[in-house]
Amino acid sequence: MVQHSAWLRLFWILLLVLPIGLLAPGNGRTGFASASVVVVSTNVTFEDRSAMFGSRLGDDGLVGRLLIVEDVEPDNLDGCRPLAKHVDSLGSWVVLVERGNCGFAEKVRNMQASGAAAVVVGDPWYDLPITMYASGDTSDVHIPSSFIARTEYNGLRDAALNTPSGDALWIKLVCNEYYELPFLDVLFITILSPMLMMGFIYVLYRLRLRQHRLRDLAPADLVNSLPIKTFYHSKYREGDPAECAICLDDFDDEDELRILPCKHQYHVKCIDRWLTTRKKFCPICKQNVCPSSESTPLLSPRLRAFV
Ligand SMILES: [Zn+2]
Ligand SMILES: [Zn+2]
C-alpha cells in the first residue's frame with residue numbers, strides 16, 4: 001500500500017508539474033539556434049547558442065563593439081544589476097556578462113536597460129553550450145542574447161582583453177541555423193508522452209496488484225461448495241472444537257459451521273470472509289483450501305472446466 005500511494009503521488013506530481021512548467025507564459029519560442037560570435041578584424045569564430053527569449057538575430061546578424069562588464073564594473077561581472085553608466089551613446093554595444101547569481105532573462109534585461117544592443121552570457125565553469133530559457137513573461141526583452149560555453153568564452157574574453165587600449169573589439173553575432181520544434185511536437189514529447197507512459201505503468205501496476213491479490217484468495221464458488229454443518233451442544237463430542245478460531249466466540253446451538261478439507265471448522269460468515277478476502281489457507285493449519293487445479297483464480301469456474 002505504501003508503494004501504491006508513492007506511485008499515485010508521482011503520477012499526480014507529473015500530471016500537475018509538467019504542464020505548469022511547459023505552459024508558463026513567456027517561454028517564447030520552442031527549439032534552439034546554433035549561432036556564432038565572429039571577431040570582425042580576424043574572422044575568428046566562437047560558437048554560441050541563441051536564447052529562447054528576446055528578439056531573434058536577422059539574416060545579416062548584428063555588428064557591435066564588445067564590452068566586457070568587468071572592464072567597467074568589476075563587481076558586476078554577472079550583470080545582475082544594470083550598469084551605472086549607459087553604454088548606447090557611442091553606437092551598438094554587445095555586452096559580455098558571466099553566468100551565475102541571477103536568471104538569464106534578468107541579466108539581459110539589466111543590459112538592455114543599460115543600452116546594450118545584445119548580450120553574450122559566458123560560462124566560466126562548463127564547456128557545455130546550453131540554450132537560455134526563462135520562465136515568466138519575457139515580452140519586455142527586445143534585444144537578442146546568446147550563451148557561450150567556457151572555452152569559447154575565455155577565447156572571446158582574451159581577444160577583447162588583448163585589444164590595444166583605446167580600440168574596440170568589433171564582433172558580429174550570427175545565427176547559423178534555427179531548429180524549430182512545432183508546439184504540438186514539444187507538447188507531445190514533453191507532456192503527453194511521459195504522462196501516457198506513467199498512466200500505462202500505473203494501470204499495469206494496478207493490474208498486477210489485483211492479480212497478486214486474487215492469487216492469494218479462494219474463489220467464492222469454491223468456498224460455497226465446502227460442506228456446512230449445524231452445531232448442537234447435544235451432539236458435541238470430546239475433542240471437537242468448541243469455539244471459532246477466527247472470532248474466538250464459543251459455538252452456540254444452531255450455529256452454521258463451515259468444514260474445511262483439513263476438517264477444521266469455523267463460523268460460516270467468519271471463514272467465508274477470511275478465505276475470499278484475506279487468504280486461501282486454513283487459519284489454524286495453513287492448508288490451502290484450493291485443490292491444485294484451482295490455482296488460477298482469475299479464471300471463472302466455467303472456463304476452468306475447459307483448462
Ligand atoms: Zn467465528
Ligand atoms: Zn486446518
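Guide: We can start with confidence, then turn to the core and to one serine.

Visitor: Great. What pLDDT does the protein average?
Guide: This is a predicted model, and its average pLDDT is 80. Of the residues, 78% score at least 70.

Visitor: And where does pLDDT stay under 50?
Guide: One such stretch is residues 20–28, with 20 contacts beyond four places in sequence in the model. Another is residues 293–307, with 17 such contacts. Where pLDDT is low, the predicted coordinates should not be read in detail.

Visitor: Noted. How many residues are in the largest nonpolar core?
Guide: That core has 20 residues. Those with the most contacts inside it are F53, V95, V97, M111, V119, V121 and M132.

Visitor: Which elements give two or more residues to this core?
Guide: They are β4 (93–98), α3 (104–113) and β5 (118–122). The largest share, four residues, comes from α3.

Visitor: What is V95 in contact with, leaving aside its neighbours within four places?
Guide: V95 touches L67, V69, M111, A116, A118, V119 and V120.

Visitor: Switching topic: is S146 buried or exposed?
Guide: S146 is buried, because its relative accessible area is 4%, under the 20% cut-off. You'll find S146 in strand β6, residues 145–148.

Visitor: Which side chain does the S146 side chain make a polar contact with?
Guide: That partner is the side chain of D48, at 2.6 Å. Beyond four places in sequence, the contacts of S146 also include R49, S50, A51 and M132, along with V119, V120 and V121.

Conventions:
Residues are numbered from 1 along each chain as its sequence is written. Chains are lettered from A and ligands numbered from 1 in the order in which they are written. Side-chain values use heavy atoms; hydrogens and water are left out. A nonpolar core is a set of buried Ala, Val, Leu, Ile, Met, Phe, Trp, Tyr and Cys residues joined through side-chain atoms within 4.5 Å. Buried means under 20% relative accessible area, exposed over 50%, partly exposed in between (1.4 Å probe, protein chains only). Contact means heavy atoms within 4.5 Å. pLDDT is the predictor's confidence in each residue, from 0 to 100. A polar contact is a pair of N or O atoms within 3.5 Å; within protein, one must be able to donate a hydrogen and the other to accept it, and residues adjacent in sequence count only if both atoms are side-chain atoms.
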